[in-house]
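We will go stop by stop, with something to select each time.

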Amino acid sequence: MEGTVFTPCLEGMKNVKSEEGQMLTKPFLDTCKLILPVIEKFGAAMTLVKSDIGGNISRLDAKYSSNPSQFADLYSLVKVEVEAKTAKSSSSCTNGLLWLTRAMDFLVELFRNLIDHPDWTMSQACTDSYTKTLKKWHGWLASSSFTMAMKLAPDRKKFMDVIGGTGDINADIQRFCTEFSPFLVENHKFLASVGLDDLKTS
């Protein structure tokens, strides 16, 4: 593997915004897709997260593909639903974008923990980032399945070796967290502006 597991994702991030500063649907979703191979390396601990992210990407992608010119701007997917009053439906693209953004918040926080706390076990890093990001939005059931899954987190050193490839993994993780975070902040701001940033799971 040339570079690290993050290399394709770091490349993809360069295209997420248009020259006018708009969030572009396809490049944003493609960049999120490029995170899936990173999550796969966690094994069973991240099965839930992976299927969740994959499902939300597919939902948004399907809507985008139905009319690429109308939905070139990521937030146009939400605006259409807000006008149609379907944004709060559990199968809406709005809901998909919200949960995709939250899952990415969790991953950014997790990777940040791996850099900032070299002495933590993988389980500690996972649990801490879960508590800071997803936990408050999850109901009891989702929360307990998540907590169970975190116990299956792989050995930290093995994991870092696997994702490191031939590159500087710490530098790439740092760059990913720094450059990807602003997209997530912007998504939350936009969702909050239409009153949809605080939907919970049942």
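Contact, on this tour, means heavy atoms within 4.5 Å. Keep in mind too that this is a predicted model.

**Stop 1: helix α2**

Select residues 25-33, which form helix α2. Which residues of this helix are buried? They are T25, P27, F28, L29, T31 and C32. Now show what surrounds them. The buried residues of α2 pack against α1 (7-13), α3 (36-40), α4, α5, α6 and α10. Colour each of those helices and look at how they meet α2.

**Stop 2: the annotated domain**

Next, select residues 24-164. UniProt places the feature "domain: Glycolipid transfer protein" here, in an unreviewed entry. Switch to a cartoon view. Over this range the chain is 70% helix and 0% strand.

**Stop 3: the largest pocket**

The largest pocket has a volume of about 230 Å³. Its lining is made up of 12 residues. Select L48, D52, H138, A142 and F146, which lie nearest the centre of the pocket. Which elements give two or more residues to the lining? They are α4 (47-66), α6 (93-116) and α8 (140-150). Of the elements, α4 gives the most, with 4 residues. Now colour the lining by residue type.

**Stop 4: helix α8, one face at a time**

Stay with α8 and hide the surface. Select S143, F146, A149 and M150, the buried residues of α8. Why do they line one face of the helix? Look down the axis of α8: its buried residues fall within an arc of 125°, so they sit along one face. An α-helix has 3.6 residues a turn, so residues three or four places apart point the same way. Go back to the buried residues and ask what lies over them. Their cover includes α4, α6 and α7 (122-132).

**Stop 5**

Select E81, in helix α5. Is E81 buried or exposed? Its relative accessibility is 8%, so E81 counts as buried, the cut-off being under 20%. Show its contacts, leaving out residues up to four places away in sequence. E81 touches T86, A87, S92, C93 and T94. Take T94 from that list. E81 and T94 are 13 residues apart in sequence, with 7.3 Å between their C-alpha atoms.

**Stop 6: K85, in a loop**

Move along to K85. You will find K85 in the loop between α5 (76-84) and α6. K85 has 75% relative accessibility, so it counts as exposed. Check its backbone angles as well. Phi of K85 is near 60°, a positive value in a residue other than glycine.

**Stop 7**

Select I115, in helix α6. Leave aside its neighbours within four places in sequence. I115 is then in contact with N170, I173 and Q174. Draw a line from I115 to N170. These two are 55 residues apart in sequence, yet 6.6 Å apart in space, C-alpha to C-alpha.

**Stop 8: A171 and T4**

Select A171, in helix α10 (residues 169-193). A171 is partly exposed, with a relative accessible area of 39%. A171 and T4 are 167 residues apart in sequence, and their C-alpha atoms are 10.0 Å apart in space.

**Stop 9: T121 and K200**

For the last stop, pick T121, in the loop between α6 and α7. T121 is partly exposed too, with a relative accessible area of 42%. Then click K200. How many residues separate T121 and K200 in sequence? The answer is 79, and in space they are 29 Å apart, C-alpha to C-alpha.

Technical notes:
Residues numbered from 1 in each chain as written. Predicted model: local features only at pLDDT ≥ 70, side-chain atom pairs only at ≥ 80, totals over all residues. Heavy atoms only, no water. 1 Å grid on protein atoms, 1.4 Å probe; cavity = no way out; pocket = protein on both sides within 12 Å on 5 of 7 lines; lining within 4 Å. Points joined across faces, edges and corners; volume = space filled by probe spheres on them. Buried < 20%, exposed > 50% of the residue type's maximum accessible area, 1.4 Å probe, protein only. Arc of directions from axis to C-beta. UniProt positions renumbered as here; feature names shortened; annotations may be inferred.
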